[in-house]
Amino acid sequence: MYSIVAHGPRDLRLDEGATPEAPGPGEVAVALRIGGICGSDLHYFNHGGFGTVRLREPMVLGHEVAGTIAALGEGVSGLALGQTVAVNPSRPCGACANCRRGRANLCTDMRFNGSAMRFPHVQGLFRESVVVPAAQAVPVEASPDLAALCEPFAVCLHAAARAGSLLGARVLVSGSGPIGCLTVLAARLAGAAEIVVTDIAEPPLAVARALGATATVDVAASPDGLDGRVFDAAFECSGNGQALLAALKVLRAGGRLVLVGLGGEVTLPIAGLVPSETEIVGSFRFDGEFAMAADLISRGRVDPSPLITHTLPMRRAEEAFVLASDRAAAMKVQIALGA
């Protein structure tokens, strides 16, 4: 079995390993078909990690994957051979204080596929097959390429929930990468009346419009493009400190800024935030939103297909990662696992 393994910065290899054993009780084997390259995958590929999280051993990358059920372990019900599933990469412990209070996405003993946050690292899912607990294999009535978008869409559904009610709201989304564009879908579902997306390049803004943005602003070409606008809620998806500060300037009093993108430190204008009662909240991963994403995609309530710009085979994995790193050339790059 082949896997896509990061051995260090810009050291990506297609490694051959043992085929997983047959699934045990309560487990399923999934023949993986498609994997989407995420921003965190790119950080591992380009820099060997992000912030204090660093690769300390070779790690299989990937956590946005879908495939078909290849084998069922004893006692598994509700799944069938050949069924398309998205693999939920999140395995909270269920016992820590955060899990007990219903905040499993903040689990202090989380096992998340393709993450170097703990050591030994939790290996990722860019491989030909995997055995997982049956609960992690979530049925999706869609093609594997769309099913593989359940994970990033779940991130954005969680972010939308963190914003509070968006019914009739004027919404700003800073950054039109894959997460920003999927946040547009999530905000539309939540009833936002206006969704304005900003970026520093036109190609990703075109995708944001295709996914339902009511207006877009290229802030590189039009630095004053948000002047005169006021928003009820904003989502900072770029990880850029200047974009964060720009969003704060156009929020109404009492508005809420949801931090979705990971970036560097920034100094906040506290003197203005206090009297305006501006709310700033973080949004990290997801919990029940994964099943919600699978359901919405299965029922055709959303169409995230404009996000997918390229699909390359496993043997061209390094080329796929280089392409995904070029925002002018690609949006969501997927890898055909097993090809």
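# A walk through the model, one selection at a time

Start by selecting Ala336: this residue is buried, with a relative accessible area of 18% (buried means under 20% relative accessible area, exposed over 50%, and partly exposed in between, using a 1.4 Å probe and protein chains only). Before you click on, note that this is a predicted model, where local features need pLDDT of at least 70, side-chain atom pairs count only at pLDDT 80 or more, and totals for chains, interfaces and linings use all residues. Residues are numbered from 1 along each chain as its sequence is written, and side-chain values use heavy atoms, with hydrogens and water left out.

Ala336 sits in strand 20, residues 332-336 (helices are DSSP runs of H or I with at least four residues, strands are runs of E with at least two, and both are numbered from the N terminus). Now show what surrounds Ala336: leaving aside neighbours within four places in sequence, it is in contact with Arg33, Ile34, Thr311, Leu312, Pro313 and Met314 (contact means heavy atoms within 4.5 Å).

**Next stop: two helices**

Select residues 39-47 for helix 1 and 317-324 for helix 10; their axes come within 10 Å and cross at roughly 110°. Here, axes are lines fitted to C-alpha atoms, for helices over the stretch in contact, and angles run from 0 to 180 degrees between N-to-C directions. Helix 1 and helix 10 are therefore roughly perpendicular to each other (that label covers 65 to 115 degrees, while under 35 is roughly parallel, over 145 roughly antiparallel, and the rest oblique). Show side chains and you'll find Asp41, Leu42 and Phe45 of helix 1 meeting Glu318, Phe321, Val322 and Ala324 of helix 10.

**Over to helix 7**

Select residues 241-249, which make up helix 7; its buried residues are Ala243, Leu244, Leu245, Ala247 and Leu248. Those buried residues pack against strand 13, strand 16 (231-236), strand 17 (251-259), helix 8 (270-276) and strand 18 (279-282). Now pick Asn240, which caps the N-terminal end of helix 7: one of its side-chain oxygens lies 2.8 Å from the backbone nitrogen of Gln242.

From here, hop to Ser174 in strand 13, residues 170-174. Is Ser174 buried or exposed? Ser174 is buried, with a relative accessible area of 3%. Its contacts, not counting residues up to four places away in sequence, include Ala243 and Ala247, both of which are among the buried residues of helix 7.

**A loop worth a click**

Gln136 is in the loop between strand 11 (129-133) and strand 12 (137-139). Follow the side chain of Gln136 and you'll reach the backbone oxygen of Asn88 at 2.5 Å.

**Last stop: the cysteines**

How many disulfides are there? The count comes to 0 (a disulfide is a pair of cysteine sulfur atoms within 2.5 Å). Select Cys107 and Cys93: the sulfur of Cys107 is 3.5 Å from that of Cys93, its closest cysteine sulfur, too far for a bond. Cys150 is in no disulfide either, as the nearest cysteine sulfur, in Cys156, is 12 Å away. Cys150 is also buried, with a relative accessible area of 0%.

Methods
A polar contact is a pair of N or O atoms within 3.5 Å; within protein, one must be able to donate a hydrogen and the other to accept it, and residues adjacent in sequence count only if both atoms are side-chain atoms.
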